[in-house]
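Hello,

Here is the structure we talked about passing on.

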Amino acid sequence: MLQHSRATEGVHRLVSSPAGRTHLVEEGSGPLVLMVHGFPESWYSWRHQLPVLAAAGYRAVAIDVRGYGRSSKPDGAAAYRMLDLVEDNVAVVHALGEESAVIVGHDWGSNIAAGSALARPDVFRAVALLSVPYTPRGGPRPSEVFAEMGGDEEFYVSYFQRPGRAEAEIEPDVRGWLAGFYAALSADTMPTPGSPDPHFVSRGGKLRDRFPAGRLPAWLSQDDLDVYAGEFERSGMSGALNRYRNMDRDWQDLAGFDGAPITQPSLFLGGALDASTIWLADAIKAYPTTLPGLRSAHILDGCGHWIQQERHDEVNRLLLGWLASLPA
């Protein structure tokens, strides 16, 4: 069942999904393009893409992933495994009366988009991945890999994996924490080379100890920050953080896809200053094997992690060019 309300940024809907309900925002008509956000964001991270794609003749839809915003937040970390999120996406496509969609994801949304294309090629006919490259399932258990990355410090993924720990840091000051986290990974506000890396936590410390203070990145207004903070102040952080707490479960669940390529037409966009792009450079080099349907890949100079917000005009141009190249 669809519930409608009109807002200036598009039509807001709640649709039934395995999560319970999935909140989405929709603009335009035409081929369906489903956009999936990452951590710690919401549908709002696609605010620059929704009207542009709609004006170009697409049905542009951005969701709140389960655990975020106005979507359902099932109890227990195990309710946030990758295959559940894939089925939420399938349910959205069908609830909108469509049989197939192009899927576009950023950050964790990139992983979710890749998982959706991999597990349900019957529904997702093309995939665009922003900031986080596709890396096929394989190798050691993820928690073991991340535990080894920190050395004397702790990698942020390991920090997020213990239930309640990151919540205790973030929830007393959601707005301040988000401002620092966004700034830490933005090109114009990230720590200078040689500064302590904000992706790591000192033993006994907090992640925010290394965040820049007192300055918002250029792409983030006070009003934008209010939107993001308001969503998490209402919902809490556990639903969002539970994605990190399923990486070992995903590794088990996706064993049948070990090493599997994504064969649909694909696009990759990354920021040259984004740690995700830098650390996973070998994954990008492997694209001829892992993404044989890749139409184009672009690394944007001087861009950080929040690519579709930091460089929205350039991302929109590249995204529209790719969409226009797809079979009808």
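Pockets

In the second largest pocket, α11 gives the most to the lining, with 3 residues. Please keep in mind throughout that this is a predicted model. The volume of that second largest pocket is about 280 Å³. Its lining counts 19 residues, and Met190, Pro191, Asp197, Pro198 and His199 are those nearest the centre. By class, 11 of the lining residues are nonpolar, 6 are polar and 2 are charged.

The largest pocket holds about 1,200 Å³ of space. It has 40 lining residues, with Asn111, Thr135, Phe146, Met247 and Leu280 nearest its centre. Several helices take part: α3 (108-119), α4 (142-149), α5 (156-161), α10 (247-253) and α11 (275-279) each supply at least two residues of the lining. The largest share, 6 residues, comes from α3. The lining of the largest pocket is made up of 28 nonpolar, 8 polar and 4 charged residues.

Asp64

Asp64 sits in the loop between β5 (59-63) and α2 (82-95). Which side chain of opposite charge is nearest to Asp64? That is Arg70, at 5.0 Å. The side chain of Asp64 does have polar partners: it makes a polar contact with the side chain of His23 at 2.8 Å, and it reaches the backbone nitrogen of Trp43 at 3.0 Å.

Regards

Notes: Residues numbered from 1 in each chain as written. Predicted model: local features only at pLDDT ≥ 70, side-chain atom pairs only at ≥ 80, totals over all residues. Heavy atoms only, no water. 1 Å grid on protein atoms, 1.4 Å probe; cavity = no way out; pocket = protein on both sides within 12 Å on 5 of 7 lines; lining within 4 Å. Points joined across faces, edges and corners; volume = space filled by probe spheres on them. Helix = DSSP H or I, 4+ residues; strand = E, 2+ residues; numbered from the N terminus. Nonpolar A, V, L, I, M, F, W, Y, C, P; charged D, E, K, R; others polar. Buried < 20%, exposed > 50% of the residue type's maximum accessible area, 1.4 Å probe, protein only. Lys, Arg positive; Asp, Glu negative; His and termini not counted. Salt bridge = Lys/Arg side-chain N within 4 Å of Asp/Glu carboxyl O. Polar contact = N/O pair within 3.5 Å; in protein donor to acceptor, adjacent residues only side chain to side chain.
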